[in-house]
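Try each task before you read its solution.

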Amino acid sequence: MELDRSVEIAREAIAGGADWIEIGTPLIKSEGMDAIRTMRKAFPDRTILADMKTVDTGAMEVEMAAKAGADVVIVLGSADDSTLLDALRSAHKYGVRLMADLISAPDPVKRAIELEALGVDYVNVHIGIDQQMTGKDPVSLLKEISERVDVQLAVAGGLDANSAVQAVKAGARIVIVGGNITRSDNVTEAARKIRQSVDSPEAVEIRNVGTVDQEIRAILKEVSTSNISDAMHRKGAMKGIHPLVRGKVVGTAVTVQSFPGDWAKTVEAIDIAKKGDVIVIYNGSKDIACWGGLATLSSLNKGIAGVVIEGAVRDIDEIETLGLPIYTSNTVPNAGDPKGFGEINAEITCGGQTVKPGDYIVGDESGVVVIPAERAYELARRAKEVNKTEKRLFDEIRRGGTLSEILELKKWEKR
Ligand SMILES: O=C([C@H](O)CO)[C@H](O)[C@H](O)COP(=O)(O)O
């Protein structure tokens, strides 16, 4: 099934204008050389690129890929020269071309010059998927390398219609696109967009993604708390906190440590919070409210994005009319008194999660997740990848079949 799905995705990508089919390393690891054989058979006229990521026994791995039907084989650029030279001998013997991949090479510019001298057919300027999640992209490196070598350059690393144009302008002859085509819910359309932008770069308007914070917020608005929790290896979700008023919340935390029934700090936090912040409160009592309608209206006046409370809320009818998204563990009619104990913007625990001021908080109909500020960009990007994969799966299930069939659940159960 894994292979059937890949063939189908490749077919849809070709319909959108893809020239080459790259067989990615994960598919090769999962299915072995059969992945190459199957693609060769399905697409006899296409160039098949086998991403072997060979780091040793260059000759043997190139031979295997060539005999299975590859036209171009990827060897790691950071492999020893002896591996590259033997891979080249094998490539010449079996009539395939060699692409050296600069992924994680310590000095990629120097290595590109060396690889050209060794005689590889292509050098791939590649930022790996994990590196992409930390904000790296291949285009600036590509510019630098293209000024120093004449060998044909390929580029890969999270490219979309926008960055593919920049890559072509920076000197790429081959544009390798993975997730932005294969995980799309409309593979043909996604491939067509990339094709158009590569063919007519002048027609593409280069968009500005803004500050890192703006980019994080924009991505988090697109994804769900479930996507984020998956990206965090199932962590990050608050326990026992549920949506009270419908609506999505994305913002940075202003934290409040307060004590049962004491609503002074919870309300003072509204004055400290800035537009777009989320107030996150630990109150410690599910039986006395520390938040109500007047606090909610005050929050709306300040542009606060939402409120998360481990504790109790009252004035629910008013709050529903006001519409500020609130997540809480309980509702009661009775409030306590403003005594002034507690702290604003200290590290707290809310819903079983540690929350620091400035952490990103996302709430939706499923609940609330906390994203540590120092990993927010990476986790937002990873959540976006989860979201893309799910969209693709939705599309496949809509065509018929079931989730376990499509994922081959039985095959991948732990043994
Ligand atoms: O080579 C790749 C990666 O290392 C996993 O094997 C990808 O095919 C390559 O990065 C292209 O995919 P995207 O980065 O998702 O465009």
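The exercises cover the domains, the nonpolar cores and the ligand shell.

This is a predicted model: local features need pLDDT of at least 70, side-chain atom pairs count only at pLDDT 80 or more, and totals for chains, interfaces and linings use all residues. Residues are numbered from 1 along each chain as its sequence is written.

**Exercise 1.** Find the domains of the protein chain.

Solution. Step two: take the centres over C-alpha atoms; they are 45 Å apart. Step three: check the record. An unreviewed UniProt entry annotates residues 3–194 as "domain: Orotidine 5'-phosphate decarboxylase". Such annotations may be inferred rather than shown by experiment. The span 3–194 is 51% helix and 18% strand.

**Exercise 2.** Which residues have the most contacts inside the largest nonpolar core?

Solution. Step one: recall the term. A nonpolar core joins buried Ala, Val, Leu, Ile, Met, Phe, Trp, Tyr and Cys residues through C-beta atoms within 7 Å; buried means 20 or more other C-beta atoms within 10 Å. Step two: the largest core has 69 residues, and Ala 50, Val 73, Val 155 and Val 175 have the most contacts inside it. Step three: a second, separate core has 54 residues, including Ile 216 and Ala 380.

**Exercise 3.** Describe the shell of residues around the ligand.

Solution. Step one: among the 16 residues, Gly 24, Thr 25, Ala 156, Gly 178 and Gly 179 come nearest. Here a residue counts if its C-beta atom, placed from the backbone, lies within 6 Å. Step two: sort the shell into 6 nonpolar, 8 polar (Gly counts here) and 2 charged residues.

Key: Domains from an automatic or database assignment. Helix = DSSP H or I, 4+ residues; strand = E, 2+ residues; numbered from the N terminus. Buried ≥ 20, exposed ≤ 12 C-beta atoms within 10 Å, placed from the backbone.
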